Amino acid sequence: VVKLVQNRRGARRLVLAWLFAFVAMQLGIGLALERPLAAVRDPDYTARAALLHDRIIESPGRPLILVLGTSRSLYGLRPESLEVGDRPGSQQPLVFNFSPHGYGPIHHCVVLERLLREGIRPSAIVLELAPYQLCLDTRINTLLLTRREMLKSLPFWDKPESTVREWTLAHAVPCFAYRFQFMLRLLPSWVPATANPFSWSDLSRFGWRPIPFGNAPTRSAAQIHAEFGCVLREYRVGAASELALNRLVETCRNEHIPLVVLFMPESPAFRACYSEQAERAIHDLRQRLENDSGMPTVDARDWLDSERFFADGHHLLPSGAEAFTRRFQSEVLPLFFTPKEIGKRSGEP
Amino acid sequence: MLFCSQQFLLFFLAVFTIHWSMPWQKARVYLLLIASFIFYAAWNHWLAIIIVVSTTMDFLIAHRLDASQRLRERKALLTLSIVFNLGVLCYFKYANFFLRSLEEALRAAGASASLPLLSVILPIGISFYTFEAISYTVDVYRRKISAERNLAHFMLFILFFPHLIAGPIVRGSDFLPQVRRKKRWNWQRMNVGVQLFLLGMFKKLAIADRMALLVDPVFADPGRYNAYVTWLSVIAYAVQIYCDFSGYSDMALGTAHLLGYRLAINFNMPYLAANIAEFWRRWHISLSSWLRDYLFIPLGGSRGGRWQTCRNLLIVMTLGGLWHGASWNFIAWGLSLGIWLCVHRGFRSFAEARPRLDAALQSRAGTALCVTLTFLGVCCSWVLFRSPSLADASRMYQAMFEVVRLAKGSPINLSSILVMMLALVAGHWLAQNDRWRRAFNAVPATVVGIALAISMSLALLLTPDAGKSFIYFQF
């Protein structure tokens with residue numbers, strides 16, 4: 001099969017052409033991932049940002065309440081169910097759920113800074129924190145970041161040099177590092193199910209996503225305890241998460257954006273996993289945020305007192321999302337707006 | 001350190017650069033030796049020491065063997081070398097299999113036996129380098145080659161990293177003269193090396209690893225899927241093992257060429273074979289020729305009568321099966337192929353005595369039929385090779401031949417599998433009768449270079465997995 005080039009100059013031309021073309025191709029794609037191919041680099045962000053743009057264009061001038069959170073709020077807060085939600089032309093607040101799957105405050109920092117750069121300035125932010133993720137110090141996938149963002153995120157990493165190396169190696173051969181993202185655009189059916197963690201495909205117009213594993217049997221208390229018990233027993237807020245929180249607070253303060261911290265509902269079995277030390281640490285965190293930074297915190301962990309609302313103790317099923325969103329409307333939104341601004345729920349007198 | 005991993009590419013880039021920037025051949029040999037040791041030690045440094053010790057032992061024995069003129073001493077030294085090499089192989093690879101089998105046999109006989117198992121790790125590539133060492137000692141004994149005087153040269157013959165893990169099984173007579181020869185930069189050779197490496201990479205990443213997406217779930221739960229999916233997964237495994245192993249061999253040949261060495265080709269489009277004997281002349285050529293030269297011919301080959309030849313074929317193929325792995329599956333696989341070879345010999349004599357039948361078989365349609373039947377037969381034999389146990393293999397066969405059955409459809413979308421299978425068929429069609437070369441020669445070299453860069457990017461893009469090991473690494 002191999003072409004045996006008899007001519008030495010021909011062989012040299014072939015090898016050099018291959019080398020230069022390959023390097024140029026990789027460099028070109030690597031550079032393009034910074035901006036023109038940003039949708040390939042971070043498809044999740046791009047999909048959500050596009051939805052948000054559409055909602056803003058539909059009703060310009062509405063104050064934007066941006067919910068930045070984890071998978072808990074992704075599945076648990078359904079802005080469509082709010083009175084203020086889906087009403088084009090309304091001047092009432094626009095609540096948009098910008099919560100990705102599996103990330104914590106470090107990711108929220110990046111998202112907020114990107115939105116501000118793109119000229120989207122929320123009127124208020126609801127920052128949802130998952131206590132166990134704060135403890136695990138969930139980082140961000142470096143492949144999602146531009147070079148500038150990666151360098152800016154270095155203080156969050158224990159070994160910044162390995163982060164730089166990982167990012168550089170990925171961008172040296174982006175055809176390999178971003179293959180699933182490319183293939184999802186070109187030939188989605190060719191991507192193995194295990195390599196398709198992206199969750200933008202079935203987002204609602206306001207960023208909510210119904211839980212994909214909602215049909216699975218509800219997890220037992222023992223299973224929940226086995227999964228989260230050890231994290232919530234020896235609890236402490238991770239240093240990187242704390243740093244990211246501080247940066248978020250500072251950004252919001254500089255931009256004069258009101259911020260509310262929210263802890264999403266958890267099932268009784270999940271709440272039973274918290275040790276006293278963990279409860280104390282969360283209490284301390286709330287105190288610190290309220291007293292030092294002057295931001296209100298809402299602990300909604302005990303808002304839904306039945307396991308039937310949850311898929312696995314901390315991710316809400318659509319019925320749970322409905323119930324939580326109603327209470328969100330009545331208890332969280334008033335922290336930013338007067339009831340008159342928010343409007344009354346449809347059907348109510 | 002997999003050939004298509006970033007780690008290996010960086011390692012190879014460093015070795016390649018230093019190798020060609022050094023003007024001294026002696027220093028290059030030492031560089032390759034150190035690189036090969038690092039390459040092997042990346043898996044396990046203790047096992048790297050074992051290979052160095054056994055290689056030194058072989059070097060010393062061969063040296064003495066070459067110097068000795070007394071037949072009895074020479075025979076004793078040859079026996080020592082073979083026993084030593086096979087002893088190491090048996091200890092690491094087969095001891096637990098034999099102990100387990102013995103235990104099961106004792107239990108079946110009613111004894112309550114519990115034999116202790118050895119806690120050993122299988123040194124990667126042991127089957128390959130053991131055969132290389134044996135062939136070298138036998139060749140020295142037969143006076144086909146002289147014993148190598150330079151330990152570094154001999155060690156490089158065994159340890160040379162492109163062929164160390166999964167072959168091809170090199171012969172001293174091919175490799176050692178190349179070590180002595182001074183290397184000069186050669187663009188033609190670089191061109192061949194690059195093309196072979198890219199071809200292997202494409203086969204492995206884009207085709208073999210994709211086939212695994214279907215093969216792994218179906219073989220993990222045989223009987224769960226319908227006959228169509230089961231058959232497709234068996235064919236997919238035939239494609240996977242070919243692209244995985246021949247892809248590795250191509251990459252090995254490519255990296256060797258890039259360092260100025262030539263290794264023997266290991267595959268020659270085996271699925272185009274019209275019968276099982278031809279298949280074995282095209283598949284894993286370095287192993288089948290080794291088995292022929294060092295086992296089949298010493299056993300008497302086909303010089304005796306029909307039954308003696310069949311006996312020799314069965315012995316060789318069964319041992320060839322066992323060489324692949326320590327399990328009854330591999331023994332059954334080898335035995336089944338041995339039986340097939342015997343049947344084929346019988347049928348060939350039968351057909352040769354009937355000119356009309358022979359002419360029909362030699363015709364285009366007859367050849368196409370023979371190729372198809374051989375391919376399907378080989379696919380069926382791969383079921384034994386791939387299944388974790390004989391019971392699983394029997395469940396696979398059951399699922400393949402049960403036509404009407406309500407069972408699950410495919411575990412994945414089959415379009416990618418079918419497209420890549422077609423790509424392989426197209427590749428074979430192009431490679432036949434030099435079509436590929438003629439097409440390439442009509443295009444300027446620069447365009448071919450750019451096409452290669454695109455195909456390399458495509459291979460990377462189509463990779464469905466990260467770091468899937470080569471199938472033959474387990475042997």
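Is A:Cys175 buried or exposed? At 5% relative accessibility, A:Cys175 counts as buried, where buried means under 20% relative accessible area, exposed over 50% and partly exposed in between, with a 1.4 Å probe and protein chains only.

The views below come from a predicted model, in which local features need pLDDT of at least 70 and side-chain atom pairs count only at pLDDT 80 or more, while totals for chains, interfaces and linings use all residues. Residues are numbered from 1 along each chain as its sequence is written, chains are lettered from A and ligands numbered from 1 in the order in which they are written, and side-chain values use heavy atoms, with hydrogens and water left out.

**View 1. Chain A in outline.** The secondary structure of chain A comes to 16 helices and five strands; helices (H or I, at least four residues) and strands (E, at least two) are DSSP runs, numbered from the N terminus. Of the 349 residues in chain A, 57% are buried. When contacts in chain A between residues at least 6 apart in sequence are considered, 81% of them join residues at least 24 apart, a contact being heavy atoms within 4.5 Å.

**View 2. Cysteines without a disulfide.** A search of the whole structure finds zero disulfides over all chains. B:Cys380 is accordingly in no disulfide, and the nearest cysteine sulfur, that of B:Cys379, is 6.9 Å away. With a relative accessible area of 19%, B:Cys380 is buried.

**View 3. Helix H2 of chain B and its surroundings.** Helix H2 of chain B covers residues 25–41, and at 1.5 Å a residue its 17 residues should span 24 Å, which agrees with the 24 Å between its end C-alpha atoms; the expected span is 1.5 Å times one less than the number of residues. The buried residues of H2(B) include B:Gln25, B:Leu33, B:Ser36 and B:Tyr40. These buried residues pack against helices H1 (6–21), H3 (45–67), H5 (126–141), H6 (151–159), H7 (161–164) and H8 (172–180) of chain B.

**View 4. Helices H1 and H2 of chain B.** The axes of H1(B) and H2(B) come within 10 Å and cross at roughly 170°, axes being lines fitted to C-alpha atoms, for helices over the stretch in contact, with angles that run from 0 to 180 degrees between N-to-C directions. That crossing makes H1(B) roughly antiparallel to H2(B), since angles under 35 degrees count as roughly parallel, over 145 as roughly antiparallel, 65 to 115 as roughly perpendicular and the rest as oblique. Among the residues that make the contact are B:Phe8, B:Phe11 and B:His19 of H1(B), together with B:Arg28, B:Leu31 and B:Ile38 of H2(B). The contact residues divide into 10 nonpolar, one polar and one charged, where Ala, Val, Leu, Ile, Met, Phe, Trp, Tyr, Cys and Pro count as nonpolar, Asp, Glu, Lys and Arg as charged, and the others, Gly among them, as polar.

**View 5. Helices H5 and H6 of chain B.** The axes of H5(B) and H6(B) come within 9 Å and cross at roughly 135°, which makes H5(B) oblique to H6(B). Here B:Tyr129, B:Glu132, B:Ala133 and B:Tyr136 of H5(B) meet B:Phe154, B:Phe157 and B:Ile158 of H6(B). By class, this contact has six nonpolar residues, no polar ones and one charged.

View 6. B:Ser81 lies in helix H4, residues 71–108 of chain B, and counts as buried at 0% relative accessibility. Leaving aside residues up to four places away in sequence, B:Ser81 touches B:Asp58, B:Ile61 and B:Thr137. B:Asn96 is also placed in helix H4 of chain B, and at 16% relative accessibility B:Asn96 counts as buried.

**View 7. Two histidines with positive phi.** Most residues other than glycine have a negative phi, and most peptide bonds are trans. A:His256, although not a glycine, has a positive phi of about 55°; A:His256 lies in the loop between helix H12 (239–255) and strand E4 (259–263) of chain A and is exposed, with a relative accessible area of 68%. Phi of B:His284 is positive too, near 40°, and B:His284 is found in the loop between H11 and helix H12 (285–296) of chain B, where B:His284 counts as buried at 0% relative accessibility.

Conventions: Disulfide = S-S within 2.5 Å.
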